[in-house]
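Here's a quick tour of a ligand site and some helix packing. Have a look at the model first, then read on.

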Amino acid sequence: MNKPLPSWLVYCRPGFERDCVEETQAKPLEAVGNSGYLVLQGKARLAYNQLAFARQLLTLLGEVRDLPERDRLAPLLAALPAAPERFGALYLEVPDTNEGKTLSGFTKRFQPLLEQALRDSERLTDDACLPRLHLFFPSEDRALIATSDPHNSSDALNGIHRVSMSADAPSRSYLKLAEAFAVFMDEQEQAQWLKPRMTAVDLGAAPGGWTWQLVQRGLHVTAVDNGPLKGAAAGHPAVKHLRQDGFKFRPQRPVDWVVCDMVEQPQRVAALMTEWIVGGYCMNAIFNLKLPMKKRVEALRIALDSIRSALNKKGLRYRLEAKQLYHDREEVTVFLHREKR
Ligand SMILES: C[S@@+](CC[C@H](N)C(=O)[O-])C[C@H]1O[C@@H](n2cnc3c(N)ncnc32)[C@H](O)[C@@H]1O
């Protein structure tokens, strides 16, 4: 007999549930608009890092409804399936909605209780290789029980990498690039690819949030924008500001990074970034693709396919990942890394 197909629990930015369904091409069992999560079936495997609109990808194991307000612990423990026998971490999670925010107080209080009960029964250990246990509360009386594969999911609570704002940052966009580094690279890759005194070009840099994020990591930045840099990014010794067209600018010598936040057609930005990587101007790129109001998944697919096709034609080895980050709205952030031969 064939193994039954798994059910998936996916978290996303509220309002992008349909995009998740379209992207996974799985069958929606539950996909309410603006809920920030969905339950899918019909795919034997999904790859987290190839899904742009999924913040988190979990295997759904069960569900508890009508949780009594005064004792949620007993019914939840009773509902935990026998397999997997042990978990490497426990995450109590809520949707990224106003209701979710009000529930997060309860999950914070409840976490130590449940954690202790699971440790006492030796079902919870600190082994990062084991599946993680997730209890997701769409409402206060309902919990979805799920697990994540540490190699095919986000390690952040609610699938959201929290980053802190620098008091000196010229704009909140600073947070987006910080989040992108955390989402696309593990600590070892960050240490290897973001070393002090490396060089970067920031296309569409003003007022300077992304430039400031790079400077904070010790990089030297050429910031290209006709607009003015503000705050600490303006006049900083590690920043060279050029008032030029970001689509025409090319560095005289190769740099380590290009980042690009120009508001333009996704296809045009994708073509520009492809040219930088194929032309050997840099090895790493992070850029935003602003999505249209309609057919967002298709627009993204066309842009990413055009990059893949150009790089494949040149026989280059690369990593290409796209995510709608917590700090992204109608856009997706893309990481493109060209591997050394
Ligand atoms: C969303 S803002 C960038 C915010 C920036 N990443 C930050 O962290 O502060 C977009 C910028 O792109 C610039 N821009 C748009 N088209 C451009 C072009 N062709 N050349 C240079 N800059 C451009 C705009 O002037 C604007 O400052």
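A polar contact here is a pair of N or O atoms within 3.5 Å; within protein, one must be able to donate a hydrogen and the other to accept it, and residues adjacent in sequence count only if both atoms are side-chain atoms. This is a predicted model, where local features need pLDDT of at least 70, side-chain atom pairs count only at pLDDT 80 or more, and totals for chains, interfaces and linings use all residues. Residues are numbered from 1 along each chain as its sequence is written, and side-chain values use heavy atoms, with hydrogens and water left out.

| Residue | Backbone atom to ligand oxygen |
|---|---|
| Ala 206 | 3.1 Å |
| Gly 208 | 3.1 Å |
| Gly 209 | 2.9 Å |

On its own the ligand exposes 610 Å², and the protein buries 75% of that (accessible areas by Shrake-Rupley, 1.4 Å probe). Around the ligand sit 16 residues (a heavy atom within 4 Å), with Ser 171, Trp 210, Asp 225, Gly 246 and Asp 261 the closest.

Now the helices. The axes of α4 (residues 173-184) and α6 (residues 209-216) come within 7 Å and cross at roughly 50° (lines fitted to C-alpha atoms over the stretch in contact, angles from 0 to 180 degrees between N-to-C directions; helices are DSSP runs of H or I, at least four residues). For α7 (residues 266-278) and α8 (residues 296-313), the axes come within 9 Å and cross at roughly 20°, so the two are roughly parallel (under 35 degrees).

Technical notes. Parallel < 35°, antiparallel > 145°, perpendicular 65-115°, else oblique.
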